[in-house]
Each structure stands twice: as structure tokens, then as C-alpha cells.
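This briefing sets out selected features of the structure shown below. Points are grouped by topic.

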Amino acid sequence: MGDKRSRSFYVLAAFFAAYVLFLYGPMIAIYILSFQGPDGGLTFPMNGVSLVWFGKVFAGAGIVDIGAAFKRSLKLGLVVMVLTVVLSVSAGMAFRKSFRGATFLFYVAIASLIMPSIITSLGIALEFRLLDDFIIKSGAEGWTTAMGLFTSGLGAHLTWTLPFGLLIMFAIFNRFDGRLEEAARDLGATPWQTFRHVVLPIILPSVVGIGLFGFTLSWDELARSSQAIGSVNTLPLELQGLTTTVTKPDIYALGTLTSAVSFLVIFSALIVILVLQARQRRHGSDAGKGMV
């Protein structure tokens, strides 16, 4: 028979269980309440089970246009994802070589991580208002504002996603074997061919992870969007507004749908990473057999 567990084990296990319940309990409660019956409310007990509240979300009935906000957030998230991947990989490649001002540029790039999000949002909004004033004083007739979803809003979201992408690329390239690139160059490969056929396949799982970070961080970003997004609202901003006006479970249904999108993106990225890793292992085994 094994040794009996000490009392401290059960105390710590109970503490961990309470922590998990505190962390995921509200989310699970929202998922359950989103399936309330037609006469159900925002709290337990359940008054039947139905999909009626999901139907109301898809029908667009309500105070705000949830469908339009959903599409705006999706488009912005995809653009942020692509730009985060491209800029992070480019910056990671550039920082592999020392250059004057590299340390200063690095700290400037990640400074937004320690800045309060609302301060960043206010700063970007102020910058664009100053730009608008300058354009109007320059004689531009009919000019309203440069603030918008893919101008100030995009910039605000990139201040949040790019530092994460850059730090991930630093971690990847710190353990990257540069001899692989030297071997490719010795065989006559150009810099682009070396990156395309040697570097990119190795770092591709991490690149997918950066894309996942970029999309999910943009998808549910609230504070940085609050002042810098302009006259339109993203889905998190609409959700924040609905919390003070909606008294029916359709807001729970919307929360369940947005969580489903996040989980779909995460699982899709994990599947892509697993496929890429399996392909790399298969290519490595084929190369080893060819050398025998």
C-alpha cells in the first residue's frame, strides 16, 4: 500500500479547486444561462432550455447592431493578426544582427506593455485629434476625422500585440541554430531562399502562435479601443454598453458565441501547429533514411 497523503495535500488541493471554480465558474454559468428558455432571466434557476436567445442574436434584434460589430471585430482581428506576424518576424530577423540603437529600439517597442491601456488609448486619440486639427487648418474642406477602425483603432491594437510577437521571436531566434543558414548559403542559396526553405519551416509553428496571439488579443481588446476607435464600436465595446441596458439572456448568448470564436481560433491554431510538427518530423526521418 502506498503512503497516505499528508493533510497539507488536501488543503492545497481544496485551495486549487476553489481557485479553478473562481476562475472558470462565472464563464461556465454564462454558457449555461445562454440556453435559458424563452421566459428565462439572467439568473438561476433555469426556466427551460432553448436556443431562442441565439436566434435573437443572429436576427440582430436589439438596441445595437451586433452583427455589424461582430464583422468589424473579425476584420480588425484578421488585419492585426497578419500585421503582427509580418512585423514580428521581420523585427526578429533584424534584431539577430547588432546595430546602433538596438537596445533603445527594443525597449521602445515593448514599452506599451507596461503602460496602462487606457493611457495608450487616450494618447492615440489625442494624436489623431491633433492631426485632424492640422489637416483642417491646412484648408481641407469637408474633412471630419482620420480616426477609424483601420487607422487609430488598428494602431492601438498593434501597440498591444506587437510586443508579444517580438518577444516570442526573440525567444525562438535565441535558440535557433545559425549553422543551418550557413549550410544553405554554402550550397548557393540566396538570402530569400534561405529564409523561405530553411528558416521559415523551422519557425513556422511559432509564427502560427504569434498569429493566434495577435487575433485573440485584438478580438477581446476593450481598453485600448475605448478612446481610439472613432465613431464605430467593436464587439467588446458593444458588449460593455449592453451590460447596462440588456435584461435578457441574449447577452449571455452573445458571450457564448464570442467565446466559441476564440476557442475555434485556438483549436485551429493547435491543429495547424501539430500538422506542421508532424511534417517536420516526417521530413527529418526521410532525410535520415536518405543518408543511410
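A residue counts as buried under 20% relative accessible area, as exposed over 50%, and as partly exposed in between (1.4 Å probe, protein chains only). By that criterion phenylalanine 215 is buried, with a relative accessible area of 3%. The model is predicted: local features need pLDDT of at least 70, side-chain atom pairs count only at pLDDT 80 or more, and totals for chains, interfaces and linings use all residues. Residues are numbered from 1 along each chain as its sequence is written, and side-chain values use heavy atoms, with hydrogens and water left out.

**Helix α1**

- Helices are DSSP runs (H or I, at least four residues), numbered from the N terminus.
- Helix α1 covers residues 7–33, and its end C-alpha atoms are 37 Å apart, which agrees with the 39 Å that its 27 residues should span at 1.5 Å a residue. The expected span is 1.5 Å times one less than the number of residues.
- A kink of about 45 degrees lies at tyrosine 24 in α1, shortly before proline 26. The bend at a residue is the angle between axes fitted to the seven residues ending there and the seven starting there.

- The peptide bond from phenylalanine 44 to proline 45 is cis, with omega near 5 degrees. Most peptide bonds are trans.
- Phenylalanine 44 is partly exposed, at 45% relative accessible area.
- Together with Phe16, Tyr19, Leu23, Tyr24, Ile28 and Ile32, Phe44 makes a nonpolar surface patch of about 710 Å².

**Aromatic pairs**

- The structure holds 13 aromatic pairs. Rings of Phe, Tyr and Trp (its six-membered ring) pair if their centres lie within 6.5 Å; planes under 30 degrees apart count as stacked, over 60 as edge-to-face and the rest as tilted.
- Phenylalanine 95 and phenylalanine 99 form a tilted pair, at 5.4 Å centre to centre and 55 degrees between the planes.
- Phenylalanine 95 is partly exposed at 22%, as is phenylalanine 99 at 35%.
- Phenylalanine 215 and tryptophan 219 form a stacked pair, at 5.8 Å centre to centre and 15 degrees between the planes.
- Because they are four residues apart in helix α8 (residues 191–219), phenylalanine 215 and tryptophan 219 are separated by about one helical turn.
- Tryptophan 219 counts as buried at 4% relative accessibility.
- Ring pairs link Phe95, Phe99, Phe106, Tyr107 and Phe170 into a cluster.

Notes: Helices (H or I, at least four residues) and strands (E, at least two) are DSSP runs, numbered from the N terminus. Patches are made of residues with over 30% relative accessible area and no salt bridge: like charges are joined within 9 Å, nonpolar side chains (Val, Leu, Ile, Met, Phe, Trp, Tyr) within 5 Å. Accessible areas come from the Shrake-Rupley method with a 1.4 Å probe; for residues, only the protein chains shown count as cover. A salt bridge is a side-chain nitrogen of Lys or Arg within 4 Å of a carboxyl oxygen of Asp or Glu.
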